[in-house]
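Welcome, and please have a look at the model shown here.

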Amino acid sequence: MWAFLAPQIIKPPSSPTRRLFSTSRSSPKSPLCSLSSNPSTLANKNQLIQSLCKQGNLKQALQVLSQEPNPTQRTYELLILSCIGRNSLSDGLRVHRHLSDDGSDQDPFLATKLINMYSELDSIDDARKVFDKIRQRTIFVWNAIFRALTLAGEGLEVLGLYRQMNRTEIQSDRFTYTFVLKACVASEALPELLKKVKEIHAHILRNGFESQVHIMTTLVDVYSWFWCVGYAASVFDKMPVRNVVSWSAMIACYANNGKPFEALELFREMMLETNDSFPNSVTMVSVLQACAALAALEQGKVLHGFILRRCLDSILPVISALVTMYGRCGKLELGQRVFDQTKEKDVVLWNSLISSYGIHGFGNKAIQLFKEMIDNGVSPSHVSFGSVLGACRHAGLVEEGKMLFESMVKELGMYPTAHHYACMVDLLGRANRLDEATKIVEEMRIEPGPLVWGALLGSCRIHCNVELAERACRRLFELEPTNAGNYVLLADIYAQADMWREVKRLKKLLKDRGLQKVPGRSWIEIERKLHSFMSVDEFNPHYEQLHALLFKLSTEMKEKGYVPRTDVVLYKLDDEEKERIVLGHSEKLAVAFGLINSNHGEPIRVTKNLRLCEDCHTFAKLISKFAEREILIRDVNRYHHFRNGACSCGDYW
């Protein structure tokens, strides 16, 4: 991606030097032994060094370099590239010393190459020394240090240098904007850096770079990191030219920011384009991710066929995305088949399969796969432990989870992250071992964040522990003051404890702060078309028909012992009104839609954006029995397989 072209510095011809090696006619000749005392031959030492570099003989090239008083720019360039190729920092430092001795380190072209070399060899301090020493800083030198620091995660330092450059007469080019934009998310996407992104965006527009597809694609990607989907979409829509990278960036933006519908719609639009913007492996990973989020199995199968036709099925990230998609669409056997057919398996692919079994509640199978992975010589990553600990918490495997958690440090020297601590808190909390869960929080080697306190709050909801819930919420309200879900969970706990005055106080607090609860939403795929339902969605054209069916089913099931769980409604209403509200939950509407529009014997697959409530769980169990239908509901945490009046979770979720 580097196009650093500079006028070549012409050195005066080198003077004759003494012969390097005395040879006889009978002695074998090496590349170094072909020199004679002829001045024209000696002048070709630069060519010899260059030839040795091209042949991969760096050590010999460095020997000749020590005898060459006037190396050319091309000679130094090839020596630097050879050091990168051999991944040799010591040789790189030797070449750098030679440059410094003859003053060539002040050549902007060679300084750029040195900075790139130190970046590739993970020696960012040496790269910075080269930059600090050079007096003539061209745009290529600035770009080189921007790139090196960005790759090293020193984004804030890049932005500081960028401000310094803007005070000079040097003008940014397309590479400059790309690097400084990436610098804004190099370490982490700090909220205060969004303002800087917008400033750079304005600078790009003022200087007429909005037609540069590479810059604008980077801008889409960076806005995605800051969850600014609207800004990213605006940039994308205004792009005069788009390539496959641009399309992929915008699809990924939707898929990674909770907008899978939009991701699939944009993919369809991309496929209808008449240019050469064919999806690549990066595109397919994002689209499969969107299908997984919606449990869009039929669309996922179509994509699988496309992947096979385009010969993308040998690319590991695509295979991992396929395994995840099938797992999240409730077809574990298809994900297992894709996994088994893959010869070379990396840790990401193993993680995908372990996680898939985990969300379906097959904790022991997930642990077995985790051990198989290690036996096959694949070292577990932090994600691996997150996946297997998640599987333990869904299956209630407390002791197994504790052993795995302890093995991270003792056996592998890996320190737990906030995600691992949250898994353990959730695992212990669900098992009503809240004292142990609290002890883990208190003894954490890192500061407990929203993940950990949120896991503790969720456990308090299951066991109605008001005192501990209030403690968790005091921290959560500080850490996430705008997260309405924490207020709602605490209100739910107060309602379970009949503390209605506190429920009212929290509702007022939500209203005063302008916060709203995330509405329940469910999806179902019928004949490759996705249908969405909101809780008590009276504007849905199917609502009357669906509500009539649900009312009929509810009445029949009441005769057989069904009692609606109206305690999930956090309002002081009469029982009839509460029943009407729970009957209108989005997952019930989606299941009813599936009963009407799918063939008998065909499984009904529903996805929900929130946790499955107790009443909907009971309702789905009874429907699966009386309607003789298999129902699969994936909530925000896990899969529930309902069959013959029972759920795969064993009522543990």
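What follows covers confidence, then a helix, then the cores.

This is a predicted model, with residues numbered from 1 along each chain as its sequence is written. Local features need pLDDT of at least 70, side-chain atom pairs count only at pLDDT 80 or more, totals for chains, interfaces and linings use all residues, and side-chain values use heavy atoms, with hydrogens and water left out.

The mean pLDDT (the predictor's confidence in each residue, from 0 to 100) is 89, and 92% of the residues reach 70 or more. Over residues 1-42, pLDDT stays under 50. Where pLDDT is low, the predicted coordinates should not be read in detail.

Now to helix α5, residues 89-102. Helices here are DSSP runs of H or I with at least four residues, numbered from the N terminus. Buried means under 20% relative accessible area and exposed over 50%, with a 1.4 Å probe and protein chains only.

| α5 group | Residues |
|---|---|
| Buried | D91, G92, V95, H96, L99 |
| Exposed, on the face turned away from the buried side | S90, R97, D101 |

Seen down the axis of α5, the buried residues fall within an arc of 140° (taken from the directions from the helix axis to the C-beta atoms), so they line one face. These buried residues pack against α3, α4, α6 and α7, where contact means heavy atoms within 4.5 Å. Just after α5, G103 takes a positive phi of about 85°.

The largest nonpolar core has 174 residues, and F146 is among those with the most contacts inside it. Such a core is a set of buried Ala, Val, Leu, Ile, Met, Phe, Trp, Tyr and Cys residues joined through side-chain atoms within 4.5 Å. A second, separate core of 30 residues includes F593 and W653.

Conventions:
Helix = DSSP H or I, 4+ residues; strand = E, 2+ residues; numbered from the N terminus. Expected span 1.5 Å × (residues − 1).
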